[in-house]
Structures are given as C-alpha cells and as structure tokens.
Amino acid sequence: MTAADSVAPLDLLRTMRLIREAELRLAQLFADGEVPGFIHLSVGQEGVAAGVCAALGPADTLASNHRGHGHALAKGLDLERFFLEIMGKAEGMCKGRGGSMHVADAAVGMLGANGIVGAGLPIAVGSALAHQVKKSGAVAAVFFGDGALAEGVMHESFNLASIWRLPVLFVCENNGWSEFSPTARQLAATPTALAESHKIIARSIDGNDVIAVHDAARALVSEIRSAGGPRFLECRTTRVRGHFEGDPQKYRDAVDAARSEDDPIGRLERRLAADGVPAADIKSAERDAIARVDAAVARARAGAAPTFDAALRDVYANTEARP
Amino acid sequence: MSEVRFGQAINRALADAMAADESVVLFGEDVAAPGGPFGVTRGLLDRFGAERVRDTPISEAAIVGAAVGAAMSGLKPVVEIMFMDFVTLSMDALVNQAAKARFMFGGQYALPMVVRLPHGGGINAGPQHSQCLEAWLAHVPGLKVVCPATVADAYALTRAAIADPDPVIVVENKSLYAVKGELPESMPNVTIGKADIARPGRDATIVTYGAMRDVSLAAASALAKDGIEAEVVDLRSLQPWDETAVLASLARTHRLVIAHEAVEAFGIGAEIAARMADIGFDELDGPIVRVGAPFMPVPFAKELEARYRPDATRIADAVRRTLA
C-alpha cells in the first residue's frame with residue numbers, strides 16, 4: 001500500500017474501535033489504581049487519528065501531544081507494549097520511563113507523545129528537515145490541539161516550515177477546549193487564519209467524519225509530496241471526557257459519547273450499515289478490539305516492574321551511570 | 001602544526017565533520033550567508049551548499065526544537081544560538097525534549113545534536129549578551145556540556161561533540177575567538193569528560209575552564225615568583241566532569257581553588273567543591289575557595305565589567321588564602 005491509496009472504511013472503523021476500547025480500558029485501569037500518574041483520553045476524537053494516520057506511510061514520521069494514545073495506536077504502535085508502558089512495566093516500549101504522555105515507537109516513525117503543549121511542532125519541523133535534506137520523500141505530521149495555537153513556538157514552527165518549504169502536515173485537533181477553558185476565550189484568530197497568515201495552505205473539516213478526515217489528509221499528503229511545502233488541516237472534533245481522567249469538569253456540561261450524534265464511530269457504523277456492510281462485520285470491529293485489549297492488558301499485568309539500575313544507565317548512550 | 005585563531009579552529013572542525021559525514025547539517029541565525037555573528041561559520045555555505053548550511057529566522061525555540069526532530073530522524077544537526085543569553089528561549093527544546101528523549105523513550109532514539117553557545121567574554125555587551133549560564137545546562141540529566149579553552153581543544157571538542165550520540169552543548173567564550181594557537185596537523189581524539197593539566201604544580205590546585213584557563217595560568221605564573229607552585233586543571237568538559245583528575249590533583253597539592261567566569265553562587269564551582277569536600281575530604285589541608293563573578297547581572301560600563309570578571313589577582317589571592 002502506498003500512502004496515497006485509500007484505506008477501506010471498515011479498516012478505519014477497526015482503528016477507531018481499537019483506540020476507543022484501549023482508552024476506555026485505560027480509564028477503568030486508572031480508576032482501579034492500575035495505571036499510575038494521570039492520563040488524557042481522546043474519546044470522541046478517534047476519527048482524526050485514524051483518518052490522518054491511514055494517509056501516512058511507514059517512512060512518514062509523527063509527533064504527538066499529551067492526548068496521544070490514539071495517534072500512537074493509529075500509527076501502528078504495538079498494543080501490548082503500549083499497555084506495558086502505560087502500566088509502568090519494564091517491557092513497555094519506553095521501558096516504563098515515560099508512561100502515557102510519552103508513548104513513542106521508532107520502528108513506526110512515532111516521535112513521541114509529548115507532555116509540553118506545542119512542543120511537537122518544531123520537532124515535526126526538524127523531522128521534515130531531515131526528510132528534505134535526505135530527499136527521502138517522507139512527510140512529517142504533527143497532531144496538536146487548538147490550545148497549542150496560543151504557544152509562541154507555533155508561530156516559529158509555521159514560519160520555518162513555510163520559508164523552507166518543509167514536508168510537514170500540521171494537524172490541529174480543534175476540540176474547543178484549552179484544558180479547562182473554551183477556545184473562544186483563548187484564541188483571537190481562527191486556526192486556519194493563523195496557518196494562512198504564514199502562507200500555509202489550510203483546510204478545515206468535520207473531524208468526526210473519519211472518511212472526510214482520511215480523504216483530506218490523503219489529498220494534503222499527496223500535495224506535500226508532489227508540490228512540497230507544509231499543509232495545515234483543522235479537524236473540528238469533540239473532547240468527550242475531561243482534560244484528564246478525574247477532571248470533575250465543573251466548567252462544562254457533560255458530553256455523552258454513546259448518545260452523541262457526533263461520535264465518529266457511531267457515524268461510520270451507521271454509514272457502513274446504510275452502504276450494505278453486513279452487521280456482523282461492523283460488530284466484529286468492536287469484538288476484535290475488545291479481545292485484543294483484553295489480551296494486551298493481561299500481558300501487561302503480568303509484566304515485571306522496571307529496574308532502577310537499567311534506567312540510570314540509559315541517561316546517556318555511552319557513559320556509566322553517575323550518582 | 002599551524003597557527004590559527006580559536007574561531008577558525010571551530011570552523012575547521014565543522015568543515016571536517018561535514019566533509020566526513022553528510023548527515024551533519026548546520027543552522028542558526030546568520031550562520032550561512034553572513035558566516036556567523038563571530039565569523040565562526042564563514043565559508044561553510046559556499047563549500048557545503050544551501051541544503052546543509054542554513055540561515056534561520058530569529059526563532060531560538062524552533063531552532064533547537066527542529067534540531068531535536070532532525071536528530072531523531074537521521075541528521076546530526078549543529079545549531080548555533082547567537083549569544084548564550086538567548087538560550088532562555090530554547091529551554092523547552094533543550095531541557096524537556098533533547099535531554100530526555102533517550103531516557104523517556106526507553107533508549108529507542110539517539111539524539112546526536114550539538115548546540116553552540118557563545119558565552120561571557122568581557123566585551124561590554126551588557127546584561128543580556130554576556131552571561132555564563134552553563135551551570136543551568138550541566139544540572140540537567142541527559143545533556144553534556146563542554147567548554148574549550150585552547151585552539152586545539154576548540155577543534156577537538158567540537159569534533160567530539162558532533163561525533164557524540166547524545167546532545168552536547170559547546171560553550172565558547174567570546175573573548176577567545178580571536179586568540180591564536182597551534183592546531184596540530186593530526187589531532188588526537190579527545191574524550192568528552194577528560195580534563196587537561198594545563199600546568200603542573202605541587203602547592204595548590206586551580207580547577208578552571210574556558211577563558212579562565214589563561215587567567216589561571218597567569219595567576220600561577222605570578223604565584224611562582226613567590227615560590228608557590230599552583231597546578232592548573234582545565235576541565236574542558238563540565239558535564240560529565242573529570243572527578244578523577246581533580247581528585248588526583250587534590251591528592252598531590254591538598255589545596256583547592258575553583259575559578260570560573262560565571263556567577264560564583266550555585267555555579268559549577270559549587271558542585272566541584274561539594275564533591276571534593278565529600279570524596280576528597282581526607283586530602284584537604286585548607287578551605288576550598290571559589291573565584292567567580294559576584295551575584296549581580298553582568299554590567300555594561302568598562303570599569304564595572306572589568307571589576308566584575310575574575311582576574312589573575314583574585315585567583316592568586318584565593319590560592320594564598322587556601323595556603324594561609
């Protein structure tokens with residue numbers, strides 16, 4: 001498959017279901033005390049991760065953010081090592097050093113989720129610089145929220161990508177919330193206006209329509225590869241849960257994912273049914289995802305805790321651990 | 001053996017590294033067409049082309065942030081922040097991203113990147129263009145920090161930094177750029193973390209780095225006229241620093257002075273003093289004395305900055321104090 005090929009809608013459904021089931025399980029594990037720290041879920045936003053990542057090839061790189069589980073899984077991160085990491089185990093993909101906010105996988109070009117809002121932007125720009133210098137034809141993509149548009153490094157990154165015509169796909173997941181504050185109170189300009197002011201071609205789409213996301217991302221990635229230069233895609237979406245798990249959300253009315261007309265999974269399922277896809281195939285996406293998550297969680301629960309000495313040895317590549 | 005200026009030695013190191021490895025790229029403010037604010041990157045654009053040698057906008061956060069992404073994607077970026085003072089604008093990329101990537105991603109990514117930071121110098125550049133902030137960076141696990149003091153080390157440490165698989169900060173003292181010295185035709189490999197005995201002596205150890213190496217040597221010459229033989233240890237690398245060499249010198253002299261241009265309080269000298277007070281306690285026959293800048297911003301006026309920067313007299317006085 002080349003990145004320009006369209007991914008079948010049923011496969012997009014499977015990716016979204018995997019993200020949904022993985023995150024709902026994480027929520028349960030977090031509530032039960034099996035996931036330490038804190039986690040940020042992307043429930044309701046799965047269409048963006050699934051649609052965009054299906055437009056990327058294996059050589060394309062991806063920088064993400066604190067709400068990055070979906071991006072990582074859609075890019076092809078191993079599910080067992082994903083759970084092992086977030087549950088803090090030695091065999092986690094980051095050996096239990098990063099956790100939820102730092103899932104990364106060099107094997108699939110996943111440059112890492114990131115705990116600092118906006119930090120992924122210049123990292124993707126630098127990755128795109130490497131693709132350009134090496135003439136690899138690869139594209140660097142970066143997911144960030146509307147909240148990141150208020151960071152100064154957004155301007156620096158857009159500007160640098162534009163003047164150097166770097167192969168970057170900037171994907172803004174606009175869920176309307178900058179942590180606990182509505183974006184309307186946070187941003188003076190619209191996301192696309194910010195991109196366009198840097199002479200970056202920008203599109204804004206319904207991010208809860210995974211087919212629309214996929215088609216738009218494919219078109220923009222294709223343009224980046226053929227014409228060069230960055231592109232910007234705003235995906236308007238819905239953050240169903242709080243900023244973090246446990247967020248009492250006193251600042252907003254609750255969103256019920258299951259009943260939401262906007263839920264990207266429900267929307268695609270209805271569309272597939274209308275198109276005559278057998279109900280068993282649609283249902284199998286959910287059943288298979290749950291089975292995979294069950295197996296991964298069982299495996300992660302059995303994983304060993306990381307050792308402190310191994311962590312101390314990995315601060316540098318080639319030096320002994322120091323006190 | 002040829003005589004070149006300190007800045008030219010860095011230039012030669014950059015050119016040799018770029019010739020040897022096409023994944024080495026250079027970017028920063030005015031480093032390409034203008035040849036760098038201090039002329040260090042002059043000629044590299046012509047030799048290696050606009051793909052690998054690039055002028056950036058005035059965007060310190062994106063310069064270092066892009067270096068992180070480039071290093072994670074197969075390049076060996078060497079970036080310059082025009083004055084070390086401006087690294088305040090790059091700190092997220094350095095502290096939260098570059099320093100932690102290897103560790104927090106479980107060793108999946110190497111970050112072979114170099115950030116060149118001109119510091120200090122006593123050139124009347126005022127409070128925002130003169131600071132020595134290396135202790136901040138040496139405090140962050142995951143970063144390496146080197147600070148060459150000689151022409152040969154300017155070359156060798158720059159090459160070592162580029163060859164290193166971890167992010168390395170190369171701190172260059174602005175007062176040294178024009179200093180001439182010998183650059184051997186065939187450079188020995190320098191290991192990051194090894195100190196150099198700049199002058200042997202039996203009576204007291206002066207641990208120093210960067211521009212204070214020459215000032216410490218001048219202090220040692222003055223002390224020698226009074227029959228005091230001071231050993232000058234040039235750290236060359238601040239993170240990691242050569243604890244073994246400093247302890248060995250202390251074991252020879254039993255007196256320790258630490259001299260740097262940076263503010264004395266909470267500086268590199270504080271770390272060295274604390275470690276030697278611990279592992280070298282039995283060797284000490286006098287107080288550990290630090291010489292550094294006073295706890296104030298770097299002042300502009302000549303008379304003010306001249307008194308602000310440590311000089312040979314202050315270092316010699318510190319040696320006499322620990323011998324008293």
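**View 1. Strand E10 of chain B and its parallel partner E13.** In this predicted model, strand E10(B) runs parallel to strand E13 (residues 256-263) of chain B, and four bridges join the two. Within this pairing, B:Thr205 has B:Leu256 of E13(B) as its bridge partner.

View 2. Together with helix H7 (residues 212-224) of chain B, E10(B) and E11(B) make a β-α-β unit that is right-handed.

View 3. Strand E10(B), which spans residues 204-208, is mostly covered, with five of its five residues buried. B:Ala204, B:Ile206 and B:Thr208 point one way from the strand, whereas B:Thr205 and B:Val207 point the other way.

**View 4. The interface of chain B and chain A.** Here 42 residues of chain B are in contact with 46 residues of chain A, and the two chains bury about 3400 Å² between them, of which 62% lies on carbon and sulfur atoms. In chain B, the residues that lose the most area to chain A are B:Arg54, B:Phe103 and B:Gln108, together accounting for 17% of what that side buries.

**View 5. Polar features between chain B and chain A.** The count of salt bridges between these chains is one, and in it the side chains of A:Lys135 and B:Glu51 meet at 3.9 Å, N to O. Across the interface, 16 residue pairs are in polar contact. Helix H3(B) gives the largest share of the side of chain B that touches chain A, nine residues.

Note on methods
Residues numbered from 1 in each chain as written. Chains lettered and ligands numbered in written order. Predicted model: local features only at pLDDT ≥ 70, side-chain atom pairs only at ≥ 80, totals over all residues. Heavy atoms only, no water. Buried < 20%, exposed > 50% of the residue type's maximum accessible area, 1.4 Å probe, protein only. Right-handed = clockwise from strand over helix to strand, strands pointing away. Pairing = 2+ DSSP bridges. Contact = heavy atoms within 4.5 Å. Buried area = accessible area lost by both parts, 1.4 Å probe. Salt bridge = Lys/Arg side-chain N within 4 Å of Asp/Glu carboxyl O. Polar contact = N/O pair within 3.5 Å; in protein donor to acceptor, adjacent residues only side chain to side chain.
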